[in-house]
Amino acid sequence: SDGWPETSNPLRINARRMELESQVQWLKDQGFKRIYVSGHSEGGRVAQGLKADVAGVFIHGMDCKSARMEFWEPNPKNKIMVFISSKDPWLGYPSSAVRGCRSLFNRGSVDEYWSSHPTHSPLVEQEWREAISRELTRNMQH
């Protein structure tokens with residue numbers, strides 16, 4: 001009921017987050033100004049807790065039903081877009097078992113895009129791809 005043991009282990013997720021922090025810093029050191037981070041499933045848990053300032057965080061195939069939030073405190077400056085299916089077979093379908101992130105963080109910088117497509121695959125919905133495309137295009141113009 002709590003998912004795979006390794007994905008609910010705060011030490012493992014935090015170690016992956018620190019690896020991601022290092023990669024983002026390397027990109028900044030190379031002169032990149034606008035960095036987006038994307039994560040699917042366990043990668044979404046990692047990306048969601050990113051402390052570095054980035055242009056945006058795209059998360060797919062991850063819900064926010066865990067009671068252990070100590071490694072889930074995202075950078076409040078980062079815009080987070082969550083793409084989730086209420087019928088995701090890996091996240092505890094039926095939909096009553098899948099929760100979104102916006103209500104847990106109670107933050108305006110979290111946008112949720114829901115689907116009823118029965119899959120755990122990333123970016124399966126055209127609407128999701130269009131939302132990411134709009135975000136990337138909007139930021140290219142600034």
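Helices here are DSSP runs of H or I with at least four residues and strands are runs of E with at least two, numbered from the N terminus. The model is predicted, so local features need pLDDT of at least 70 and side-chain atom pairs count only at pLDDT 80 or more, while totals for chains, interfaces and linings use all residues. Residues are numbered from 1 along each chain as its sequence is written, and side-chain values use heavy atoms, with hydrogens and water left out.

**Exercise 1.** Determine which residues of helix α1 are buried and what they pack against.

*Solution.*
- Step 1. Buried means under 20% relative accessible area, exposed over 50%, and partly exposed in between (1.4 Å probe, protein chains only).
- Step 2. In α1, the residues Pro10, Ile13, Arg17, Leu20, Glu21 and Val24 are buried.
- Step 3. Seen down the axis of α1, the buried residues fall within an arc of 110°, so they line one face of the helix; the arc is that of the directions from the helix axis to the C-beta atoms.
- Step 4. Leu11, Trp26 and Asp29 are exposed on the face turned away from the buried side of α1.
- Step 5. With contact meaning heavy atoms within 4.5 Å, the buried residues of α1 pack against β1 (36-40) and α2 (42-48).
- Step 6. After α1 comes Gly31, with a positive phi near 100°.

**Exercise 2.** Locate the residues Ser41 and Leu123, which have a positive phi although neither is a glycine.

*Solution.*
- Step 1. Ser41 has a phi of about 60° and lies in the loop between β1 and α2.
- Step 2. Ser41 counts as partly exposed because its relative accessibility is 25%.
- Step 3. Leu123 has a phi of about 55° and is placed in the loop between β4 (110-115) and α4 (126-140).
- Step 4. Leu123 counts as partly exposed because its relative accessibility is 28%.

**Exercise 3.** Describe the lining of the largest cavity.

*Solution.*
- Step 1. A cavity is a set of points on a 1 Å grid over the protein atoms alone where a 1.4 Å probe fits but cannot get out; lining residues have an atom within 4 Å of a point.
- Step 2. The largest cavity is lined by residues including His60, Phe83, Asp88, His120 and Trp128.
- Step 3. Strand β3 (residues 80-85) gives the most to this lining, with 3 residues.

Notes:
1 Å grid on protein atoms, 1.4 Å probe; cavity = no way out; pocket = protein on both sides within 12 Å on 5 of 7 lines; lining within 4 Å.
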